[in-house]
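Please look over the sequence and the model before reading on.

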Amino acid sequence: MSKHPEPRVAIPTYGRDLLRGLPPELLRRPIVLTQPEPWALVSAGFPADRTRLHRVETMEQAVVDGVTAGLGDGSAVFGIGGGSALDHAKYVAWKRGLPLVLVPTILSVDAAYTKAIGVREGGRVRYVGAVYPDHLLIDYGLLQAADPILNRAGVGDILSIFTAIWDWREAGARLGEPYDAGVAAESRALLDRLFEGAAGIGCCSDAGLHLLSELYVGEVRLCELVGNARPEEGSEHYVAYCLEHRTGRHYLHGALVGMGVLLAGAYQGQDVGPVKRFLSDVRLDSSYRAVGTTADEVRSCLLGMGDYVAHESQLLPGVFHFRGGISAADAGAVMAAADLGE
Ligand SMILES: [Zn+2]
């Protein structure tokens, strides 16, 4: 028996041509937030004369507020596309109190499964609001039309459990932080299912996409249960954030987090062999080259981790906090263990 109340989660519908199965009244006067490629795949299903369409280019707060205010009345809000299209649709539905239909066309991020809405203010992401979709459509045909790497990259935020729960348990032992061994075990079970499903996710089969979606549902539920991201996020993300901060570049999140799991996991003293095998099986290349960085950049990022986590005070303590950063010798050993290229 969990001591936590059971949280509400989004419940996906799985299949093909799912938009056609929606109640017709939702399509009476639809508001659609989307992007050009996904819209081309679904536009035939919407009434051309009664659809209000916005192509999402940014989640910058001022722009999002302007667009939201300018949209007229509607029967339902549809978010169709990647993370920005879904977040914008969530924002409109939240502000206007309209029914919400989410149709992710890539599974690279968890925006379809979380209640919070990510908006940007001067480049920094802030989470606002709380909204659940009335319909969350996981349409295999639409997902399989995307570049497979954009679905495979979705494994990053499940794979991060590997290093996140190590940090969490250590924070409990060292700092007396509330650590829930039952939730950690449930989270670990999600990671085991991910490892077992590598082949299906790698080829974006119906079963692989179904699994990835269910793992998101499970992980978001666990984070809701404990009220923070401990079951999912830790030092692997801090390495990723630090590299983004230092280089100012954007990366494919899942590949970057995969790299972070290998580096942080090795520094934690874990055997990262199973993570390496998984990344190979799922065909998500997390080498420095594939991520879009270099060994030199990663080395200086690691050496700066002590300062980085000291300044970013919102980050819950992890291995770089516990050890006050990393020595040059340890950074070399960690990079050798991760084995991500020259
Ligand atoms: Zn992430």
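A residue counts as buried here if 20 or more other C-beta atoms lie within 10 Å of its own. By that cut-off, the buried residues of helix H3 are Ser84, Ala85, Leu86, Asp87, His88, Ala89, Lys90, Tyr91, Val92 and Ala93. The model is predicted.

**Helix H3**
- H3 covers residues 83–96, and 10 of its 14 residues are buried, which leaves the helix mostly covered.
- At 1.5 Å a residue, H3 should span 20 Å, and the 20 Å between its end C-alpha atoms agrees with that.
- The partners of its buried residues are strand S2 (30–34), helix H2 (61–70), strand S4 (76–81), strand S5 (100–104) and strand S6 (117–121).
- Gly97 follows H3 and has a positive phi, near 65 degrees.

**Chain as a whole**
- There are 18 helices and 8 strands in the chain.
- The radius of gyration is 20 Å, close to the 20 Å that the globule rule gives for 342 residues, so the chain is as compact as a globular protein of that length.
- The C-alpha trace spans about 65 × 45 × 35 Å along its principal axes.
- Of the 342 residues, 46% are buried.
- When contacts between residues at least 6 apart in sequence are considered, 74% join residues at least 24 apart.

**Domains and their contact**
- The domain assignment divides the chain into domain 1 (12–142) and domain 2 (149–338).
- The C-alpha centres of domain 1 and domain 2 are 28 Å apart.
- Domain 1 brings 11 residues to the contact and domain 2 brings 15 residues.
- On the side of domain 1 that touches domain 2, 8 residues are nonpolar, 2 are polar and 1 is charged.

**Nonpolar core**
- The largest nonpolar core holds 104 residues, and those with the most contacts inside it are Val77, Phe78, Ala89 and Leu263.
- Helix H12 (residues 253–267) supplies the largest share of this core, with 10 residues.
- Why does this core lie between domain 1 and domain 2? Both domain 1 (12–142) and domain 2 (149–338) give residues to the core, so it lies between them.
- In soluble globular proteins, nonpolar side chains tend to be buried together.
- Leaving aside residues up to four places away in sequence, Leu263 touches Val239, Leu302, Val334 and Ala338.
- Ala89 is among the core residues with the most contacts and is also one of the buried residues of H3.

Terms used. Residues are numbered from 1 along each chain as its sequence is written. This is a predicted model: local features need pLDDT of at least 70, side-chain atom pairs count only at pLDDT 80 or more; totals for chains, interfaces and linings use all residues. A nonpolar core is a set of buried Ala, Val, Leu, Ile, Met, Phe, Trp, Tyr and Cys residues joined through C-beta atoms within 7 Å. A residue is buried if 20 or more other C-beta atoms lie within 10 Å of its own, exposed if 12 or fewer, and partly exposed in between; C-beta atoms are placed from the backbone. Helices (H or I, at least four residues) and strands (E, at least two) are DSSP runs, numbered from the N terminus. Domain bounds come from an automatic or database domain assignment. Two residues are in contact if their C-beta atoms, placed from the backbone, lie within 7 Å. Ala, Val, Leu, Ile, Met, Phe, Trp, Tyr, Cys and Pro count as nonpolar, Asp, Glu, Lys and Arg as charged, and the others, Gly among them, as polar. The radius of gyration is taken over C-alpha atoms; the globule rule is 2.2 Å times the number of residues to the power 0.38. The expected span of a helix is 1.5 Å times one less than its number of residues.
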